[in-house]
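Notebook open, model loaded. I want the local surroundings of a couple of residues before I look at the whole chain.

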Amino acid sequence: MKLRPLGRTGIQVSAYCLGTMMFGTAGGTDSDDCVRIIHPRVG
C-alpha cells in the first residue's frame, strides 16, 4: 500500500480513500444507500 504524508502532521495515510462528505445530513440521508456504498454486494 502506498502511503502519503497528511499535511505537516507526520501521519502517513493511504493514497486510496473513500470520501464520506456526502453521507448523513450533508447529503445522502438514506442510511441503506450509504451502507450499500461501503459494503457492496459481491456476485
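I started with Ile-11, which I find in the loop between E1 and E2. This is a predicted model, so I kept that in mind throughout.

Next I looked up what Ile-11 touches, leaving out residues up to four places away in sequence. I got Arg-4, Pro-5 and Leu-6.

Then I moved to Met-22, in the loop between strand E2 (12–14) and H1. Met-22 is partly exposed too, with a relative accessible area of 48%. I also checked a distance: the C-alpha atoms of Met-22 and Cys-34 are 9.1 Å apart, with the two residues 12 apart along the chain.

On to the chain. I count 1 helix and 2 strands, in the order β-β-α from the N terminus. The C-alpha trace spans about 35 × 30 × 10 Å along its principal axes.

How many of the 43 residues count as buried? I get 2%. The accessible surface comes to about 4,200 Å², and carbon and sulfur atoms hold 59% of that.

Last, confidence. The mean pLDDT of the chain is 79, and 91% of the residues score at least 70. Strand E1 (residues 3–5) has the highest confidence at 90, while helix H1 (residues 31–38) has the lowest, with a mean of 79.

Technical notes
Residues are numbered from 1 along each chain as its sequence is written. This is a predicted model: local features need pLDDT of at least 70, side-chain atom pairs count only at pLDDT 80 or more; totals for chains, interfaces and linings use all residues. Side-chain values use heavy atoms; hydrogens and water are left out. pLDDT is the predictor's confidence in each residue, from 0 to 100. Helices (H or I, at least four residues) and strands (E, at least two) are DSSP runs, numbered from the N terminus. Buried means under 20% relative accessible area, exposed over 50%, partly exposed in between (1.4 Å probe, protein chains only). Contact means heavy atoms within 4.5 Å. Accessible areas come from the Shrake-Rupley method with a 1.4 Å probe; for residues, only the protein chains shown count as cover.
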